[in-house]
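Let's take a walk through this protein together. Have the chain in view and follow along as we go from its inside to a pair of helices.

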Amino acid sequence: MKRILLLLCVLFSASVAPTEGWEFDLSLFQEQRELAEVTVVTDGKVLMSIDKASLIKALTPIVTQDIIQLLQQRTGPFSTRDLKDLGIDIQFDPLALKLDLYLDMNSARPQSLTMYGNSQPGPYSKSAFWNIQHRFNAIGDYDISNSALESRLEILGAGNIGGYRGLNGSYAFYVDNDEDETTFSRGETFLFWEKPEAPWRLSGGDLYNETRGHLPSLNFGGVNWSRSYSVLQPYRQLDSSTGQLLVLRESATVIIYVNNLRQRTLQLPPGRYDIADLPLSSGTNLVRLEITYASGERETINYSEFYNADLLLEGISNFDLSVGVESTFEDDGISYDDQTFASGFYEYGLSDSWTLGGNGLYHPEGQLLGIAAVNGSFIGNVSLRGTASRANVDDETYGSNISIDYSQSIFGALEFGVPNFRLGTEYQTDFSSTPWREDALDTGYRVSIDYRWTITNNIDFYLYASQSDFEDDDNSITNAKGQLTWNYSNWSVTAGTDYSTDPDEDEWNGYINIEYYFFNASANTRLSASYMGEDNTYRGQATRYTENYVGAWGYDISAEVNDNGQIYDASSDYQGNRFRGEIAASYTYDDESGSDASSITTTLSSSVIVADGHWAWSRQSLGPIVLAEVHPTLDRIDVEINPAGPTQTEQISTASIANIALLSRSHDTNYVAYDAPYAPIGYDLGEGVWNVRPGSLTAHIKTVGSDSSYTVIGTALNSSETPLALMQGVLIAEDGKQHDLFTNRAGRFAVEGLKPGRYTIRIANYSLEFSVNANADSLVYLNVLILAEEGTL
């Protein structure tokens, strides 16, 4: 539709007087994000005025309340000059027929950057009834030192029957070969069914249980029933979490890491953002923001955040129930215990500041029963866990464990209320979280404290101390660490000291760590040199980061020398359209023994997907996908999936072999862009983006192109050869489908989305038939059409 409006605007501009304009609803964009539609008056070249009511509605979520009040007080409509005085710059793009918004920092309202958003997504997208996905990893490892070759074939499978409310499954098989034998083994295999609106998941197979209180985390074979907000309703915020204010003065790519695990990549326009709702684990979490600005400048922001996973919003509940037998992963597969256990928990948010829960575990030779309470208030975050146990391995023994954790923002905390002080205590008697295991019970206590003081933007101090005394240890154990870190430009210097005790002696250790690094944003490379005084290690490293597009490649080369020996590593990988390849070499030398070892490892990976009889070949991994097919009318034309520039695209699909786009967010809205730069001129590709809400393992079949890909441009005259000016009409296909049209002052019109065949054009009481030939170019210029008068329609 936007392309139709674009053609009409071009047509209008050729015949409109300079002082005249038309009213349109145009999309307002901030960078690549569409905000809303705004009513404007334009002549197709110049933005003449902007409607007051629609503009205020569009700007309310992103500008300050003071700006909104000023807009409400002023008389509309607004000119662009009026808005610039308020720090609002709106520019008209006549080619794309859209509005681009640029905000001054003082006018922008801080935006919340939750990991999954706060709004309910649209309905689930239509998916294939069934799909089967297979990932093949071929790995070869050659030990140069011993002239030994080993290889492995990994076959990872996943599938779905019945769509997002259907049955899902995952499995893995491994084939290992060395010079003596070939072995076959099975990896984790399980089925699961989900009810997203509940939300809960019922699973069976090789699983692991969720933990609360002092419950252990166990691998087991059995069944599990759990509430899974984070998986099935990822857009919903469950916890009362704090945040971090981020100010961007130019467009930037922000990568969010939590505890060194990459969580999300965001493309953000300039503005102020409150980052919240991160996927944190209990205790102190290290959050890192890696920011690459449009100008190429790079910045890293580090901060810590305490979070107790049990603090829920009011009315939110969580539960998990697992029943099965313990499993152990061994070289030849998975083995299972012969005794059945059951574990579970339930927790409920009484208010935004109070959560209560209970948990328990049953095993024939040991049981646990516990309670948990969490309170968050202005005095801090307090968590209490209490558990009673019974062990019946040799003699019947009763035990207990009480834990209290406290966190608060005190002197030296970061500006936005992130806790920088944490105290944890635990005392247990004859207790183990797995009381059925022999020699597992123990009695003792543990106390720990950590504190981070942010002195300046470049200097911070960190202190950690702990003491524990258990009967299984000969003496109490004390550990302490203090670090003062200075970061400036490309330098990082840390001065620290460690103290530890063991049964033999006390030990103090002072050290200095120094690192220098250089990052080249245009080449995406990083060079670093460091000295780690903690273990007297010298290290140099050169890295080119591999991006997720066809033809991307990278490398990582490092050398490390310490008191124990030397380690040299080098690797390189390549992202093809249908496969991914990697080669790595390693060399180590042990000073004490005088021995060395070297090896070369190669990996080749690819995936094949079949959905409702349609198939695709890709390098992408397994999960919810879009299977992108190409219509035969685009034969020998490459279709780019998620293009990122003139030479960069995540995948390429062709008419002969389809490809896939891996959807990163199950049960939430994903956006997949597509383009065919070398398609015939005038070929209608559609909107250029698919909005897809998938299930956990659903496949969504999409086709780029169609028979209805022709665009016609013509001029309509009456029998007196007078233009049928500024009139609405329709094109009627042979099957009765109608396409709206609108003429300009010269009678010119443009209609897209047509397929070959005969059409009737009707404008008021005039009509005429014409044809679109199958062998015509995609952009069809019609001869002047002289419509005959046929009476009033």
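In this predicted model, the largest nonpolar core has 27 residues, and Leu59, Leu71, Ile88, Ile90 and Leu99 touch the most other members. A nonpolar core here is a set of buried Ala, Val, Leu, Ile, Met, Phe, Trp, Tyr and Cys residues joined through side-chain atoms within 4.5 Å. Buried means under 20% relative accessible area, exposed over 50%, and partly exposed in between (1.4 Å probe, protein chains only). The elements that give this core two or more residues are β1 (22-30), β2 (33-42), β3 (47-50), α2 (52-59), α3 (65-73), β4 (88-93) and β5 (98-103). These are DSSP runs numbered from the N terminus: helices are H or I with at least four residues, strands E with at least two. With four residues, α2 gives the most to the core.

Now zoom in on Leu59. Leaving aside neighbours within four places in sequence, Leu59 is in contact (heavy atoms within 4.5 Å) with Leu28, Ile68, Leu71, Ile88 and Leu101.

Next, the helix pair. Lys52, Ile56 and Leu59 in α2 meet Ile68, Leu71 and Gln72 in α3.

A note on the numbers: residues are numbered from 1 along each chain as its sequence is written. Local features need pLDDT of at least 70, side-chain atom pairs count only at pLDDT 80 or more, totals for chains, interfaces and linings use all residues, and side-chain values use heavy atoms, leaving out hydrogens and water.
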